[in-house]
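Please look through the structure before turning to them.

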Amino acid sequence: MTSKLYHECYTHVCQARRLLQDLHELGFDTVVSPVVGENTDNGAADTAALPSTAVPESLLELQNEVEQCHACTLHEKRNHVVFGRGNPFAKLVFVGEAPGYEEDQQGQPFVGEAGRLLDQILFAMGLSAEDVYICNLIKCRPPANRDPHAAEVEACAPYLERQLAVLKPAVIVALGRFAAQTLLGVQTPVSRLRGCWYTYAGIALMPTFHPAYLLRSPLEKKRVWEDMKEVKRRLESGVIKRSD
Ligand code: SF4
């Protein structure tokens with residue numbers, strides 16, 4: 001084995017160990033990996049049946065509008081508007097808070113450390129980033145990752161409302177305080193909201209902790225995993241369908 005190949009193998013083993021460690025912290029010991037080509041009925045849309053460019057025109061129009069937005073001062077220092085990514089036909093949509101440094105640099109939500117953790121949560125659910133849609137309440141990065149101000153939430157929330165109206169998922173997971181409180185119109189702490197089902201515009205909504213919070217408080221990962229198991233159960237139950 002050449003030293004280069006050895007190094008690559010070593011890197012992959014380290015990554016796998018790290019993944020398993022994170023999954024163990026999430027509170028489960030076995031991973032069921034979907035078989036390629038098998039219909040796992042895991043709540044994801046059948047992406048193979050969709051043309052890759054089949055993004056609804058209304059979503060593209062909204063994205064274009066948001067990219068021109070100067071409605072609050074956050075536009076002044078942004079490098080990119082961070083609109084959303086993933087499958088616009090997904091049954092499951094994750095809504096986070098606001099872009100961080102990496103997201104602002106790349107113009108994509110959840111691509112930093114918190115995004116890596118969200119990817120692992122999806123993996124644990126038997127899903128991939130292509131099976132869901134991921135976006136934020138606030139589309140431009142608050143300086144130094146500070147909490148968004150009330151005026152910024154007020155200015156930007158209508159874009160999320162319109163985005164969700166186009167996406168029409170079956171289930172929304174609100175990640176963290178700002179997403180949960182804004183979508184539900186309450187001031188209740190997310191620690192009390194999480195773990196229960198609510199309804200937003202006729203769509204089932206589950207609040208849970210934000211992955212960035214989990215990076216600071218890893219002991220809370222198990223609670224998030226409990227919430228995600230509930231989301232998975234609901235998607236698989238067949239009780240709800242993606243709204244038309
Ligand atoms: Fe517009 Fe939202 Fe960006 Fe503010 S954060 S400038 S409201 S897109």
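1. Helix H5 (residues 150-167) gives the largest share of the shell around the ligand, 3 residues, where helices (H or I, at least four residues) and strands (E, at least two) are DSSP runs numbered from the N terminus. Around the ligand there are 13 residues, and Cys69, Cys72, His75, Cys140 and Cys156 come nearest; a residue is near a molecule or strand if one of its heavy atoms lies within 4 Å of it. By class, the shell around the ligand divides into 10 nonpolar, 1 polar and 2 charged residues, with Ala, Val, Leu, Ile, Met, Phe, Trp, Tyr, Cys and Pro counted as nonpolar, Asp, Glu, Lys and Arg as charged, and the others, Gly among them, as polar.

2. Some reading conventions should be kept in mind. This is a predicted model, in which local features need pLDDT of at least 70 and side-chain atom pairs count only at pLDDT 80 or more, while totals for chains, interfaces and linings use all residues. Residues are numbered from 1 along each chain as its sequence is written, and side-chain values use heavy atoms, with hydrogens and water left out.

3. The space taken by the ligand is the largest cavity; a molecule sits in a cavity or pocket if more than half of its atoms lie within 2 Å of its grid points. On a 1 Å grid over the protein atoms alone, a cavity is a set of points where a 1.4 Å probe fits but cannot get out, whereas a pocket is an open set with protein on both sides within 12 Å along at least five of seven lines, and lining residues have an atom within 4 Å of a point. The largest cavity has a volume of about 100 Å³, a volume being the space filled by probe spheres set on grid points that are joined across faces, edges and corners. Of the 15 residues lining the largest cavity, Cys69, Cys72, Cys140, Cys156 and Tyr159 are the closest to its centre, and H5 gives the largest share of that lining, 4 residues.

4. The largest pocket has a volume of about 690 Å³. Its lining is made of 28 residues, of which Glu97, His210, Ala212, Tyr213 and Arg216 lie nearest the centre of the pocket. Helix H8 (211-216) is among the elements that give two or more residues to this lining, and H8 supplies the largest share, 4 residues. The lining of the largest pocket divides into 13 nonpolar, 7 polar and 8 charged residues.

5. The 6 strands form an open sheet in the order E1-E3-E2-E4-E6-E5, with mixed pairing; two strands pair if DSSP finds at least two bridges between them. Strand E1 (85-86) and strand E5 (198-200) stand at the edges with a single partner strand each, so one side of each is left without a neighbour in the sheet. E1 and E3 run antiparallel and are joined by 2 bridges, and Arg85 stands opposite Ile134 in E3.

6. Which way do the residues of E2 point? Leu92, Phe94 and Gly96 point one way and Val93 and Val95 the other way, and all are buried, meaning under 20% relative accessible area, with exposed over 50% and partly exposed in between (1.4 Å probe, protein chains only). Because 5 of the 5 residues of strand E2 (residues 92-96) are buried, E2 is largely enclosed by the rest of the structure. E2 runs parallel to strand E4 (residues 171-175), joined by 4 bridges, with Val93 opposite Ile172.
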